[in-house]
Amino acid sequence: MTQAAQYRPSLLARVISLFSGVGGLLVKLLLLCVLNGITGWAIIVLFTQDRIAWALGTIAVLGLIDFIYLVPNRFLPAKFIIPGSVLLIAYLIVPIFFTINTAFQEYSTGHVLTKAEAIDTNIEQNVVQGDRFFQMTPARDASGELVLVLVDDTSGQTYLGRQSGLEEIDSTTVSVDDFGDVLPPAGFTALVGDELFAIDAELAAFEVPLDNGGVIRTEGLSGAYDSVPGFEYDASSDSLIAADSGVAYRDNGRGSFTSADGEELVVGWREYIGFENFTSVITNPLVRQPFLRAFVWTIGFAGSTVLLSFAIGLFLAKVIDKPNFRGKKLYRSMLVIPYAIPGFLSLLVFKGLLNDDYGLINKLLPFDPPWLFDPWWARLSVILVSVWLTTPYFLLVCMGALQSIPAELVEAARVDGAGRWQVFRKVTLPLLLVVVTPLLIASFAYNFNNFNNVYLLTGGGPSTDDQAVAGATDILISYTYKLAFESGKGQDYGLASAISVYIFFIVAAMSASGFLRSKALENMK
Amino acid sequence: MSDSTNHRNDHWWRHLVMWVAISIAVLPPLYVVTAAFNSDQTLSGSSLIPRSLTLENFKGLFVQKEGGAEVFFVRWFRASVIIAVLNAFFTVFIGALSAYAFSRFRFRGRRMGMLFLLLIQMFPGLLNLVAIYLIVLRTGEVIPALGLNKLTALLVVYLSGAMSVNLWLMKGFFDSIPAELDESARVDGATPAQIFWGVILPLAVPVLSVVGMFAFVGTLNEFITASVLLETVDNFTLPLGLQSYIGTNFEENWGSFAAGVLIAQIPAIIGFIFVQKYIISGLTQGSVKG
């Protein structure tokens, strides 16, 4: 039989090859049409939202893509790379640059706005009561809009206060009745009784903006007072001046306004601070201690997980890896079960199993270890569960690797009089390690960032004596996550980003050593 | 093999070691199975051997109890399967396109590009979620389907790694397909696109299956990105939904959680059975090809 006759493509292969002709071209044109349709619509939306620069940029990119795909026989590599690249740039590379950029900023709780926003917020939030008080009557104008009729207590000047602003009116059009209530001018109906109580909440939220940046707010149902901003921004000295005391709060260059005696306004802004986030890991004891503890634990966790899993996996592989061993296939497939179950589900199940009150494990054990609530038991739990998850992988790896070791070498050592243990130490293990070392390094690098195993099991806790953000079982990546997203003591996104960059260098160095050993880079021909 | 060696290799202690290891390996999964059928739905009432069996836990996933909370399990399941299938398909497609370019074309920046794609994978992606969240938020203002709380947005974010994650694996496989095949097709007048569809991809079915399988199972298990981008419980994927069972009330919903976990395994198992055929047929094909 010839080779050609033996070659029978699978159904999938035959379906795929259908696209090599006109079909593929039609699919390409169809996809291009869909892309143009969606993007074209987006461009129109961008224009209606007045985001002209974005719209023009999108047009340029779309035009370039269309051009590359519609010119035949040119830009061939680009035609194949563009679909992946566009998504890669938008949702992977841009976020990475965003993170690296953030690592150089003071970007934490109290420092999330831009400077202009921070100035506005400080001025708006810090209002002090002004010196004017008004008699007030809520009324509706002809169109039904709510209007405050105001009489200044001291000057007697009358005003109409609307949400759009304050309007001075002739005092003679407004009268005050015997009870001291203000009667609105003609054309306005005063709100009284139930009508008035019904708009209680609306009235309380009603604000009349003033030209000086302050507002008039109601007080009760018949009074109003003015509030003026507590600060004024002075552009020449780049500082906020307090309205009451006259104290100047200057831009301190680190995203805050501070006074001469060191008082800092709560609302700051994002500011570039150079390498400070990077150096604070070394110089600031409050950062250094949790960082170092998390770092040491990360290495301890990843190292012991990988070594224990490898040792157990190798042991089981040696036990099972015998010719004629009955039940070998059954044993192997049952031992691989932990590997087949989604990791995060196993972790949640273990969280239940290790529950110290209700968990199954403490029901089976004669004593009740506080698995997840004592720092050292929690560390042990994290390692044991990770070993449970990782061992099947190394079992499979070792079974494969053991078979690749030539039997003649083992035989030769035996003939020379080496015992079983000696053969294992001097022949099997060294040969095995040649194959397995890159995988050990890769597994270490993977566990180095194994967020799930820590976060889903212990949440990084329990917390330690110093109450730092990093709990007893927090590895670097979960510590980083907590810093960025959920620290009760204030988030520090800039510091978290800087630690991310550190992690990147550590993992890259480890991976590089693994790659050099496996010589994968030589495949880059 | 003589009887004596056979006996030595089959020593009783080896079997003992195996059974000890297996009992540790299967204890948690077994516990989930029994918890799913246990009539006592709480964690404290759970045990390895349930006192009485019930299907209530499963029923509770599909049928709303009277006066109980609305049940979204079917929606979660459907969302997860749809997004996993789409992600697997597009990951394979985009990955194969890129791998073909890096394997078959020689262009400026090729080496640098490959190293770069390798390097960016080592950046811890967790913090990128902030930027991704902001990008999705802003994109949603222009294209609502790619905004927050949309499964399409989640799919697109998943696909951002399609090019880099499997590039080296796929390129390695493509490299092993003899260039002479391309050559002869080109002599016959085939364009690069025709070679890609007609020659390379059909021969690469094994690696396509493996990559597709990884993407499929990976999507079914993905948790963190989904938890950032999806906001309302009716739009959750399975992992988020299952977590919501025990996230707020660990003790009480244990039975529903266990039953949900069991059902959640089905798509991955079916996917594996479905693809296994292609992996095996693909591999034998590869060996016959010579």
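Which residue takes a positive phi in the hairpin of strand 13 and strand 14 of chain A? A:Gly246 does, near 80°. The views below come from a predicted model, in which local features need pLDDT of at least 70, side-chain atom pairs count only at pLDDT 80 or more, and totals for chains, interfaces and linings use all residues. Residues are numbered from 1 along each chain as its sequence is written, with chains lettered from A and ligands numbered from 1 in the order in which they are written.

**View 1. An open sheet in chain A has 4 strands in the order 12-13-14-15, with antiparallel pairing.** Strands (E, at least two residues) and helices (H or I, at least four) are DSSP runs, numbered from the N terminus. Two strands pair if DSSP finds at least two bridges between them. Strand 12 (231-234) and strand 15 (257-258) are the edges; each has a single partner strand, so one side of each lacks a neighbour in the sheet. Helix 6 (residues 115-125) of chain A packs on the sheet and touches strands 12 and 13. Its direction makes about 150° with that of strand 12. Axes are lines fitted to C-alpha atoms, for helices over the stretch in contact; angles run from 0 to 180 degrees between N-to-C directions.

**View 2. Bridges link the strands of the chain A sheet.** Strand 12 meets strand 13 (residues 239-242) through 4 bridges. A:Phe231 has A:Ala242 as its bridge partner there. Strands 13 and 14 (residues 248-251) share 3 bridges, and A:Ser239 stands opposite A:Arg250. A:Arg250 also has A:Thr258 of strand 15 as a bridge partner; 2 bridges join strands 14 and 15.

**View 3. A glycine takes a positive phi in the hairpin of strands 14 and 15 of chain A.** That residue is A:Gly253, near 80°. The hairpin has 5 residues between its strands.

**View 4. Chain A meets chain B.** In contact (C-beta atoms, placed from the backbone, within 7 Å) are 79 residues of chain A and 75 of chain B. Helix 5 (residues 76-103) of chain A gives the largest share of the chain A side, 18 residues.

**View 5. The largest nonpolar core has 149 residues.** Such a core is a set of buried Ala, Val, Leu, Ile, Met, Phe, Trp, Tyr and Cys residues joined through C-beta atoms within 7 Å; buried means 20 or more other C-beta atoms within 10 Å of the residue's own. B:Ala96, B:Tyr100 and B:Ala204 have the most contacts inside it. Helix 4 (residues 73-104) of chain B gives the most, 16 residues.

Key
Two residues are in contact if their C-beta atoms, placed from the backbone, lie within 7 Å. A residue is buried if 20 or more other C-beta atoms lie within 10 Å of its own, exposed if 12 or fewer, and partly exposed in between; C-beta atoms are placed from the backbone.
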